[in-house]
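This report walks through a few features of one structure. Start with the view below, then read on.

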Amino acid sequence: MAKLVAITIIVIAIASAIPILRHTWWMAPDISTHGAPIDEQMSETMAEAGLSFLASQILLAIFIWKFSQSRAGEKIKSFPGGAKGLVIAAFLLVGTEVLALGAFGAKAWANMYFTPPAPNAMPVQVQAGQFAFYFRYPGPDGKFGPIHPDLISESNQNFYGLDTDHDPDSKDDIVTAEMGIPVNREIHLLMHSKDVGHSFFVPELRVHQDFVPGLDLSLHFTATKVGRYEIVCTQLCGLGHYNMKAYLSVMSQEDFDKWLKQQAALQ
Amino acid sequence: MHDMPAHAHVAHHAPPTSFIRKYIFSLDHKVIGKQYYGLAFVAVLVGMFLSWLMRIHLGWTNAAIPGLHFLSSNGAPGNIMTPEYYLQLMTMHATIMVFFVLTTAPFAAFGNYFLPIQVGAEDMPFPRFNMMSFWITFAGFLALVASFFVGDGPTLGGWTQYAPLSAVGSVAGPGEGMGVVLWATSIALFCVGQLLGSLNFITTTLDMRTKGMSLWRLPLSTWSWFITSCMGLTAFAVLMPACILLILDHVAGTSFFVPSNLVINDQLQPHSGGSTLLWQHLFWFFGHPEVYIAIVPGMGIVSHVLIANMRRPMLSHRTLIYSFGALAVLSYMVYGHHMFVSGMNPVSSLAFSFPTLIITIPSTIIVLIWLGSLYGAKLRINAASLFALGFISMFISGGVSGFFLAQPSLDIMLHATYFVVGHFHMVMGVAAMFGIFAGTHFWFPKMFGRMMNETLGKLHFWLTFVGTYCIFMPFHYLGMAGNVRRYQAFAPDFMQRFIPVHKFMTVAALLTGASQLIFVYNLIHSRFWGKPAPENPWEATSLEWSTPSSPPPFDNFGGELPVVYHDPYQYGVEGSTGDYVMQTSPERIQTAHDEA
Amino acid sequence: MATTVHEPPRIEEIRNPSRLTSDSGNGGWRNLIPADGDLRAVQDYAPPPASTGIWVALAAISMSFAALTSALVVRKGGAMDWRHFTLPSILYLNTLVLLASSVTLEISRRRVATFMGGLKSEVASPARWLYLTLSLGLLFVAGQYVAWRQLSTQGLYLSTNPASSFFYVFTAAHALHVLGGLGGLVRVVHKLNQLVLRRSTLDATSRYWHFMDVLWVYLLLLLWLKL
């Protein structure tokens, strides 16, 4: 039976690797300016993890095959180098590997989080609430009007609790259910939650950030490809969590301007 | 006035005579161990059943599941599962499995039964605390199950119960009322129970060892229980006050975790100033050590079982012990990897990612020592050793996905996707379970005086090994492609193509689940009608195999505590008369093997 | 090997931990039983489980209060709604009461040890100082209750503001543990009266009680600083 175990392990290991190698289910293609280091990191890690996975499973299988009971009468052998060799190997190989991954990954992370948004980045606000995202554009005055939580009302469609009668900055704010952005323009996304925890995830954009109630968080990114993508919530927020999504439309600058005008007319 | 040497110290209690004292409120660690095992057994069947319901729903979201209406008329009108019911089932599945199965069986059940015996003691030093620890844990289980029967059902916030969803009350949705309070109460009780248990485990290991049993002569299973209880001591002691603060936010109007200006259902909430991230920090400070609490006993059990079946000790006994210890220590420094994109300072994310990557090193050392010990061994194949070998394969698979999740930049793509779910199911849902199966097959003869059926055991192994790979490998692929977790249905356009894979995984899950019935049957049948077991069926060396009977007598060793002359794993020793020398054997051994 | 139930424990010499039982090479497979078969050299001395146990328990309790402390620090630093208030002055009196109870406990410990060791069996009512400690402990808890009443007359309840919330949580948690300690002391008195008290039980219970003192002083400082 030992041989059967060994063969099964090898078959499973190889079968598991095949969809990875063939990218059968893989990340959506990157449409961001900061995503390339992430994708590279992913491939690097996949290679190292994949090799470790295959090597250790195959080694396990080989040892099970070779060293089972039928060796009665023979002496117990010690692995060459003993435990010391293995410990050193672990420290050196794994240690350098993980530290390298860590160091390079840190660069990809720093790229996103430790750089400030460009001064001409376009600000867009997103508010997450049970169970929808609403977006706000500052309008021609470039300023967001204040939010009054006591005025927030789904039933009146006043999602942001704006008081257009008393706050001049709110008058030209544009609130939409869909996020439109111009291509190749840096966006400064200002995030807050209306109620519980949510998260903002756009796989193609390589962007993922939780909303934390009580905190104002922000991200910046630039989309490089026109198209329609989905923003999904990934932080469990209640029964409608599975359905909490919005469309992200990346458009040419002209199309965006047109779109924004149309949205403004609907306010 | 001084006390006598330690092994005279146990609170001597005469063998119980009444039914209640013998089987219900027993002070005997062996009975308590079996009670814990029974609790875990019931819990795993419940948890598995819940996972079947979840998986059917994921594959066939709008399908009516016959009979579901009886389980919950709110949750499944017309037998079709509502979105909230899915989340409630998911939360209960996870909570039951993590706490009442994976912490209970490998640690509380086997540890209670075998730790005192393996150190050569008659019982734990605080038998009444031990008894209380089981019944308090059991009360916790009842509190959790009770949430199925209250108002709008169990909480739906996931086993992680993130605030403010968990703290604002029923305004946030079904199950967020009484369900949360019961959840938090259940977990707080569980923590108290396990703290009492850890108290006993630690003092037994340190103070109750018999003559000649130095710390280095303890078997690996004992070391793993000892190290785990040290982790439990600190981890559970943090979760318990966190749960209490959550309950207060819920029922007493405090705002520990709920910030101001929340608008739910168009109503401004009365809370102010609380910190949602605070809950996450407190929870994960517990939560990460918890997952090591779930796996380290399994590593100890698997090492112990493998050694007996390889007929040789591990390449380096001490290296394994140091590695278990390193895992325990590092486990406190890595918890922020659950919070990479949580909104905490991105510098903290980097800070947490380094120890997370470094924890790979002791894990690798452990796997390499196992592999290196297989080299040149004389491996026996039986149900116990198959599950032990399976554990190694599963731990490799689950561990390798950790490489990805340790890096914040990659976590951007993988956070809250099925990749994470695949990762933890591999290590906890499968590897830790294999540790439980290995321990069961190995120790059943000692606990019940009968052998389990080998054929059924092997069949169970094969179906489970192949089956769990079929279920959980695809989770990783889907996660990579962006399949978000905790969704009751896959609404986004880009997830539609994942649904056929979910159907496949559901079928695999149901089949694998069904094959667990083989184990259930084997366990129950062997308990009453299994072949009578010889004293030491595995020809193993540690102290549990030197008890005068199986099951051991009330005081474990029949009146006279053993004297230990040897290290725990004297197999394949040159110059001895057999291929093994028991720890209690006075036989002298001439040469030592080369050891690093 | 155990003492029979109704004899006072004998005084026994503590043996030094045997050097032979310590690690002799990396799991080196030599016998640790010496050639002359004299097992006394390998008879390990281990501390009584009660004293290890109490340190374990205190470690867990410390972790719990550490968790609550970090919750307080985070909560205070995170939002604008912290409202300081003056701690009720009875707390300082309660502190003295608790410290006094530790003193009385130490006195009683020595008397009880002397009594149980059979050296001076004329020690009258060795339990007297224990009863005094118990009373002081109860007085402390009562005093804490008075502090709560004083706060509530100021309109500060559990949910009034975060500072008051933490005040109640910390003092309640501490008081609950003190009640546990009182239970332990009651048990010690009970065993003393039946002449079955072990030294380790007495020591462990005392250690717990003194820790409640130390913990209270720490909490008082914390609350005074932060609240």
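## About the model

This is a predicted model, in which local features need pLDDT of at least 70, side-chain atom pairs count only at pLDDT 80 or more, and totals for chains, interfaces and linings use all residues. Residues are numbered from 1 along each chain as its sequence is written, while chains are lettered from A and ligands numbered from 1 in the order in which they are written.

Helices (H or I, at least four residues) and strands (E, at least two) are DSSP runs, numbered from the N terminus.

## Cis peptide bonds

A:Gln130 and A:Phe131 are joined by a cis peptide bond, with omega about -5 degrees. A:Phe131 sits in the loop between strand E1 (122-129) and strand E2 (132-137) of chain A.

In chain B, the bond from B:Ala163 to B:Pro164 is cis, with omega near -5 degrees. B:Pro164 lies in the loop between helix H5 (127-146) and helix H6 (178-207) of chain B.

## Positive phi values

B:Asn79 is not a glycine, yet its phi is positive, near 65 degrees. Its place is the loop between helix H3 (68-71) and helix H4 (83-119) of chain B. B:Asn79 counts as partly exposed because it has 14 C-beta neighbours inside 10 Å.

B:Asp266 also has a positive phi, near 65 degrees. It is found in the loop between strand E1 (263-264) and strand E2 (267-268) of chain B. B:Asp266 has 11 such neighbours inside 10 Å, so it counts as exposed. The cut-offs use C-beta atoms placed from the backbone: 20 or more others within 10 Å is buried, 12 or fewer is exposed, and in between is partly exposed.

## Where the chains meet

The contact takes 92 residues from chain B and 91 from chain A. Two residues are in contact if their C-beta atoms, placed from the backbone, lie within 7 Å. On the side of chain B that touches chain A, H11(B) gives the largest share, 10 residues. By class, that side has 58 nonpolar, 25 polar and nine charged residues. Here Ala, Val, Leu, Ile, Met, Phe, Trp, Tyr, Cys and Pro count as nonpolar, Asp, Glu, Lys and Arg as charged, and the others, Gly among them, as polar.

## A helix pair in chain B

H15(B) packs against helix H16 (residues 499-529) of chain B at about 155 degrees, with axes 9 Å apart. H15(B) is therefore roughly antiparallel to H16(B), a term for angles over 145 degrees. The contact of H15(B) with H16(B) has 15 nonpolar, eight polar and no charged residues.

Technical notes:
Axes are lines fitted to C-alpha atoms, for helices over the stretch in contact, and angles run from 0 to 180 degrees between N-to-C directions. Angles under 35 degrees count as roughly parallel, over 145 as roughly antiparallel, 65 to 115 as roughly perpendicular and the rest as oblique.
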